[in-house]
Every structure is written in C-alpha cells, then in structure tokens.
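Hello,

Here is the structure for you to look over. My notes follow below it.

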Amino acid sequence: MYEPLGNPLVIQLLAAFWDVYHALHAELDEADETPTEIAARHRRVYDAVRAGDAEESIAALSEHFSGIRRRLTPEQS
C-alpha cells in the first residue's frame with residue numbers, strides 16, 4: 001500500500017515496525033478487536049490515502065495503531 005508513495009524511508013520504517021512486532025508477538029495480549037474490525041480499520045486507511053485526504057489518513061492510521069499501542073502498554077493496577 002505504501003510503495004506507490006515512492007518513499008523508501010516509509011517502507012524501511014514499516015519493515016522495522018513489523019520486525020519488532022513479530023519479535024514481541026508471543027508476549028503481547030490478544031487483540032481486543034475482531035478480524036472484521038481490523039479489516040475496517042485497514043479499509044479506512046486505504047480509502048483516506050486513495051482520496052488524498054491527509055487529515056483523514058493521519059486520523060485513520062492513528063486509530064488503526066491504537067490497538068497495537070494498547071497491547072504494548074502495560075496495564076496500570
């Protein structure tokens with residue numbers, strides 16, 4: 001999805017993100033979203049990028065990664 005941007009830094013950052021994610025995957029809590037909800041988040045990002053809507057793209061990406069952020073943040077007792 002990001003290759004058409006022609007920005008190798010974005011591709012490298014995403015590759016690094018996935019390397020870390022896969023290394024930590026076994027230690028993370030289970031996702032609190034269904035595959036359908038995750039797919040809807042992906043679709044929102046895709047639609048915003050395709051429309052060229054920078055604000056919506058940023059909001060959609062932030063929302064999309066919020067689930068991963070929740071899984072990486074230790075719960076406070």
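Val 20, Leu 24 and Leu 72 make a nonpolar surface patch of about 240 Å². Patches take residues with over 30% relative accessible area and no salt bridge; nonpolar side chains (Val, Leu, Ile, Met, Phe, Trp, Tyr) are joined within 5 Å, like charges within 9 Å. Areas come from the Shrake-Rupley method with a 1.4 Å probe, and for residues only the protein chains shown count as cover.

Please note that this is a predicted model: local features need pLDDT of at least 70, side-chain atom pairs count only at pLDDT 80 or more, and totals for chains, interfaces and linings use all residues. Residues are numbered from 1 along each chain as its sequence is written, and side-chain values use heavy atoms, with hydrogens and water left out.

Val 20 sits in helix H1. Helices (H or I, at least four residues) are DSSP runs numbered from the N terminus, as are strands (E, at least two). Val 20 is partly exposed at 48% relative accessibility. Here buried means under 20%, exposed over 50%, and partly exposed in between (1.4 Å probe, protein chains only).

**Aromatic rings**

There are 2 aromatic pairs in the structure. Rings of Phe, Tyr and Trp (its six-membered ring) pair if their centres lie within 6.5 Å; planes under 30 degrees apart are stacked, over 60 edge-to-face, the rest tilted. Phe 17 and Trp 18 pair edge-to-face, at 4.9 Å between centres and 75° between planes. Phe 17 and Phe 65 are also edge-to-face, because their centres are 5.5 Å apart and their planes at 80°. Phe 17 is in H1 (residues 8-24) and Phe 65 in H3 (residues 54-72), so this pair ties together parts 48 residues apart in sequence. Phe 65 is partly exposed, at 21%.

**Salt bridges**

The whole structure has 5 salt bridges. Each is a side-chain nitrogen of Lys or Arg within 4 Å of a carboxyl oxygen of Asp or Glu. Arg 41 bonds this way with Glu 33, with the closest N and O atoms 2.3 Å apart. Arg 41 is buried at 17%, and Glu 33 is buried at 16%.

Arg 44 has a salt bridge to Glu 56, at 2.5 Å between the closest N and O atoms. Glu 56 lies in H3 and Arg 44 in H2 (residues 35-51), so the pair ties together parts 12 residues apart in sequence. Arg 44 also meets Glu 63 in a salt bridge (2.1 Å, N to O). Shared partners join Glu 33, Arg 41, Arg 44, Glu 56 and Glu 63 into one network.

Best wishes
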